[in-house]
Amino acid sequence: MMRGYIFDLDGVIVDTAKYHFKAWQSLAKKVGVSFDEAQNEQLKGVSRVKSLEKILAWGNTTVSDDEFVSLMASKNEEYLEFIAEMDESEILPNVTEILQLLKSKGHPIALGSASKNAKIILERVNLLHMFDVLVDGNSVTTAKPDPEVFLKAAQGLGVKPDDCVVFEDSVAGVQAANTGGMISVGVGSPDVLSEADVVVKDFTELNEQFLENLRK
Ligand code: B16
Ligand code: MG
């Protein structure tokens, strides 16, 4: 059996949370809501629509449907300006090396991200060619913790979910991987990602032996 590997994007391959934060912060200002880094943490892995709903709820405010759509569009425009400046230097430590290792062993590799901007980001950091399959915010109807994104990725790779490993930095993403029947590797803090099968601080803890020893 050849294992398949599925990578989340934000918080696993690159840290785009800082750009989401800046863009959400200007949006929050526009609607007169305060928004801090702790709240931004809670938006990790959460879709754009759900993120805006949460920000408005935190500020106890509502907007018309039209305004909602236009706020989402302007947030994304600002976010895209930040992304346009990204390059390979933003790839998180040891990620490229692990992707190369998996490729050299012939493992199929997928992206499983909530972001609708995933492809642009992978292009900017020059990693798009490493992925056999891309499943992102444009190709799913239900958000993490629903396993749809990872099940579609496994299907695209032609690998049974049981034989897939998912790298995820968000609680919702770890839950999605577990529900999908995959091995979940949490990237971040063990306190936050306690539901993962194994947690690493970052990819510098990964090597060939670590990957071979992964079990549910
Ligand atoms: P977009 P991931 C997620 O990416 C981010 O963690 C989350 O903060 C963001 O709201 C979501 O993508 C949607 O992003 O606005 O670009 O469609 O962690 O699933 O790779
Ligand atoms: Mg993430």
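This is a predicted model: local features need pLDDT of at least 70, side-chain atom pairs count only at pLDDT 80 or more; totals for chains, interfaces and linings use all residues.
**Ligand contacts.** I then noted a polar side-chain atom of D10 at 2.8 Å from an oxygen atom of ligand 1, and a backbone N or O atom of L9 at 3.2 Å from an oxygen atom of the ligand. Taken alone, ligand 1 exposes 470 Å², of which the protein buries 98%; these accessible areas come from the Shrake-Rupley method with a 1.4 Å probe, and for residues only the protein chains shown count as cover.

**Conventions.** I kept in mind that residues are numbered from 1 along each chain as its sequence is written, with chains lettered from A and ligands numbered from 1 in the order in which they are written. Local features need pLDDT of at least 70 and side-chain atom pairs count only at pLDDT 80 or more, while totals for chains, interfaces and linings use all residues, and side-chain values use heavy atoms, with hydrogens and water left out.

**Surroundings.** Which residues are closest to ligand 1? I listed V46, A114, S115, K116 and N117 as the closest of the 17 residues that surround the ligand, where near means that a heavy atom of the residue lies within 4 Å.

**Sheet.** I traced six strands in an open sheet, in the order β3-β2-β1-β4-β5-β6 with parallel pairing; strands are DSSP runs of E of at least two residues and helices runs of H or I of at least four, numbered from the N terminus, and two strands pair if DSSP finds at least two bridges between them. Because β3 (133-135) and β6 (198-200) stand at the edges with a single partner strand each, one side of each is left without a neighbour in the sheet. I found that β5 (residues 183-187) pairs with β6 in the parallel sense over three bridges, and that V185 stands opposite V198 in β6.

**Backbone.** I checked the peptide bond from K144 to P145, which is cis with omega near 15 degrees; P145 lies in the loop between β3 and α7 (148-157). N60, in the loop between α3 (48-58) and α4 (65-83), has a positive phi of about 55 degrees although it is not a glycine.

Definitions and conventions. A polar contact is a pair of N or O atoms within 3.5 Å; within protein, one must be able to donate a hydrogen and the other to accept it, and residues adjacent in sequence count only if both atoms are side-chain atoms.
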